[in-house]
Amino acid sequence: MTFSSDGNDVELSGRFVSFDGTSATMVIDDALVSFRTEGLICVGEACPNLAEYVPSLKMSGASQMADVLLPALIDVYARDQGWTVHEDVNGFKMTDSAGNDVFEVSLFVATPDEAFETFMTHDTDALLSMRELRTSEVEAAYDAGLGRVTLARQARILALDALVPVVSPTSDLRFISLADLTATLAGVSSDLEVHLPAHLDGQLQGFEDRFMGPFGLQMANPDVGHADRNGLTSAVETGANGISLLPFGETRNTQPLSLSGPCGLVSDARFLTMKTEDYPLTFPMFLYLPQRTQHPQINDFLDWLRSPSAQLVIRRAGFVDLAAVAIPLADQGDRLANAITNAGPEVPLTELQRMVRLLEPRVRMSSTFRFEPGSTRLDGQSRSNVMQLAQAIHDGRFGGRELLFVGFSDGRGPADANRDLSSARAEAVRRDVERALGGQLPRNVVIGTEAFGEALPMACDDTIWGQQTNRRVELWVKDAD
């Protein structure tokens, strides 16, 4: 198709991608070009009718998102708008009370590589991914004109899920360390029979990237490969010696294993430990967007995905939503017991008493902030938490409250230095939240920081992932005095 002016002074030929109500975006000579359409006419069979343009959003990726989560969200979003949803092989078409088409969403299930390729070629508008994009993919996306897809406005997180190591319900095994789990999946040493999908999905690729790649390990060919998840789960359930990694909501009658460490700390996949990301095998569900202006209708849908109504849909679909929930100190006995057990010359009992006195009148919110390995930059989930918290403050949900960002560290190095590092991280999160609010903090909201260094460990420090789990900033809240 070709857009041109009346005198052909302007002529643009290429493949139509989108229209934001004012400007069209096309692929021209493999480059993404946006331009205002006022005063231009379109010639060609593929020309869209911009005067009656129906906003369309095409998304491709993981089946958990395209087959399960997004259809449920689209249905409730349409009902919230007073629209009717019509589903067919091409996706979801929404009409208003007068029967006019107002919005279309197309969903395509694809492997991680296939979905990324359609995103790169601008054949889809959004990428649905169960893992964070790799550095090479981020660079390729930038070169393809998609912008810096790791920015918070482009890397949206819809929900959280987790992987759980499971064995047969007849097995005596109840615990496994991450070191033993990765060695088993790498085929280094194990008496267990590994069951995995024949082709790794996004979550398993994410596990490989985060917990195996840093040590030069990768998934070995499984003892038994399965074409579908149902067959895999059934094989582990009925076998005597099988092990696998399954999504949190699909463990069925298998025996989930707790993650253990040599220091005695244990982590289980539960709703709250996933919500706080204290369970290390928690994985965000990403929606990646290109760097271009979206139609107002698409922006409205994307904003709605952060709403309380959307969070309820996410929970009902079997995933962990992003809404912050309160966790009173009284419900955190295991954490306090771990702190007392690990107390010593570096963290004396008086410091633990100071921590309890400070936190006792407050409740911990499930929003937790962690950092990329070896960096002071917040990780993808934490950047999303910043945006979610800033929106909640802006909407008045923390009116009359005092917010306290409390920093913690791993146990490597001197205790005083660790306390200083955790204090700096807490201050960095506070600045990020205030920046997300445009520098304008509501008068009835107070924000402060505190730090306790290595006083409250969540995992063993003898592993990289244990150290990353312990390096965190928690949000504690109480009514302002």
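Both Tyr-77 and Trp-304 are buried, where buried denotes under 20% relative accessible area, exposed over 50% and partly exposed in between (1.4 Å probe, protein chains only). The model is predicted, so that local features need pLDDT of at least 70 and side-chain atom pairs count only at pLDDT 80 or more, while totals for chains, interfaces and linings use all residues. Residues are numbered from 1 along each chain as its sequence is written, and side-chain values use heavy atoms, with hydrogens and water left out.

**Aromatic pairs**

The whole structure contains 12 aromatic pairs. Rings of Phe, Tyr and Trp (its six-membered ring) pair if their centres lie within 6.5 Å; planes under 30 degrees apart count as stacked, over 60 as edge-to-face and the rest as tilted. The centres of the Tyr-77 and Trp-304 rings are 5.3 Å apart and their planes stand at 65 degrees, so this pair is edge-to-face. Because Tyr-77 belongs to helix α1 (residues 63-81) and Trp-304 to helix α8 (residues 296-304), the pair ties together parts that are 227 residues apart in sequence. Helices (H or I, at least four residues) and strands (E, at least two) are DSSP runs, numbered from the N terminus. Ring pairs also link Tyr-77 and Trp-304 with Trp-83, Phe-103 and Phe-301 into a cluster.

Phe-369 and Phe-405 are each buried.

**Charges over rings**

A charge sits over a ring if NZ of Lys or CZ of Arg is within 6 Å of the ring centre and within 35 degrees of the ring normal.

| Charged residue | Ring | Distance from ring centre |
|---|---|---|
| Arg-210 | Phe-283 | 4.6 Å |
| Arg-425 | Phe-371 | 5.6 Å |
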